[in-house]
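Please read it with the structure open.

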Amino acid sequence: TLEQNPDKISQYLEEKDLIVCGFNHLEEFRKLVPEPPVDAVGVLLNTDLRIMNEIMQLPPNTRIGLTCESQRSTESWCKNIFLSRVSTLTKIHAGLDNPSGLQEMLDQCDLIYASKYVYERIRKLAKPDKKVMEVDISIDPASIDLIRERLRNK
């Protein structure tokens, strides 16, 4: 990641035409690189509405796990799908880079929502009695149009 090699960031970015990241990471990027050598654009990510509605219908006190590549991405993803506002569920967020939190989630939650980026790995780690649901996170079509527009204007 960029944080691990701050001295190489400018060199790395100079070779790029456009920096694209989720809106939830754009502020972090700006703090890390206050004056990027290329344009940076934030995109919206869509989460599967079927899954969001399923989560909203779960009985109170249901223990659910949510996971993505990193702890930070997992927490950002959960904020983006408004799960922080759902107070009737017990939620455990754990990224793959958080082994102890991940193990706690796998042990304590019977229902685990994993982003498409980690689904296969989580499914293999989870015990057979756990239900692991794949959540598709895709870039919003308007964001794709914005990326194309920015690249055309280069």
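1. Where is the place of Glu15? In this predicted model, Glu15 sits in the loop between helix 1 (9-14) and strand 1. Glu15 counts as exposed, because its relative accessibility is 57% and the cut-off for exposed is over 50%.

2. On the overall layout, the chain contains seven helices and eight strands. Along the principal axes, its C-alpha atoms fill a box of roughly 50 × 30 × 25 Å. Of the 154 residues in the chain, 41% are buried. Among contacts with a separation of 6 or more, 57% are between residues 24 or more positions apart.

3. Strand 4 (residues 63-67) deserves a look. Four of its five residues are buried, so strand 4 is largely enclosed by the rest of the structure. Strand 4 pairs with strand 5 (residues 90-93) in the parallel sense, over four bridges. In that pairing, Gly65 has Ile92 of strand 5 as its bridge partner. Strand 4 also pairs with strand 6, again in the parallel sense and over four bridges. Here Leu66 stands opposite Tyr113 of strand 6.

4. Strand 6 (residues 111-115) pairs in turn with strand 7 (residues 131-135), in the parallel sense and over five bridges. Tyr113 has Met133 as its bridge partner in strand 7. From strand 6 the chain passes through helix 6 (residues 119-125) to strand 7, and this β-α-β crossover is right-handed.

5. Is Ser115 buried or exposed? Ser115, which lies in strand 6, counts as buried because its relative accessibility is 0%, against a cut-off of under 20%. Leaving aside residues up to four places away in sequence, Ser115 touches Thr67, Cys68, Trp77, Val135 and Ile137.

6. Val41 is another buried strand residue: it lies in strand 2 (residues 40-43) and has a relative accessibility of 3%. Which residues does Val41 touch, not counting those up to four places away in sequence? They are Leu18, Ile19, Val20, Cys21, Leu26, Leu146, Ile147 and Arg150. The C-alpha atoms of Val41 and Phe23 are separated by 8.2 Å, while the two residues are 18 residues apart along the chain.

7. Asn61 is not a glycine, yet has a positive phi of about 70°. Most residues other than glycine have a negative phi. Asn61 lies in the loop between helix 3 (49-56) and strand 4. Asn61 is exposed, with a relative accessible area of 61%.

8. How is the second largest pocket lined? The lining holds 16 residues, and Asn24, His25, Leu45, Tyr117 and Ile137 lie nearest the centre of the pocket. The volume of this pocket is about 320 Å³. By class, nine lining residues are nonpolar, six are polar and one is charged. At least two lining residues come from each of strand 1 (19-22), helix 2 (23-32), strand 3 (45-47), helix 4 (71-80) and strand 8 (137-139). Ile137, one of the residues nearest the centre, is also among the residues that Ser115 touches.

9. Asn24, another of the residues nearest the centre of that pocket, is found in helix 2. Asn24 is partly exposed because its relative accessible area is 21%, and the buried class ends under 20%. Asn24 and Val43 are 8.7 Å apart in space, C-alpha to C-alpha, and 19 residues apart in sequence.

Conventions
Residues numbered from 1 in each chain as written. Predicted model: local features only at pLDDT ≥ 70, side-chain atom pairs only at ≥ 80, totals over all residues. Heavy atoms only, no water. 1 Å grid on protein atoms, 1.4 Å probe; cavity = no way out; pocket = protein on both sides within 12 Å on 5 of 7 lines; lining within 4 Å. Points joined across faces, edges and corners; volume = space filled by probe spheres on them. Nonpolar A, V, L, I, M, F, W, Y, C, P; charged D, E, K, R; others polar. Pairing = 2+ DSSP bridges. Right-handed = clockwise from strand over helix to strand, strands pointing away. Buried < 20%, exposed > 50% of the residue type's maximum accessible area, 1.4 Å probe, protein only. Contact = heavy atoms within 4.5 Å.
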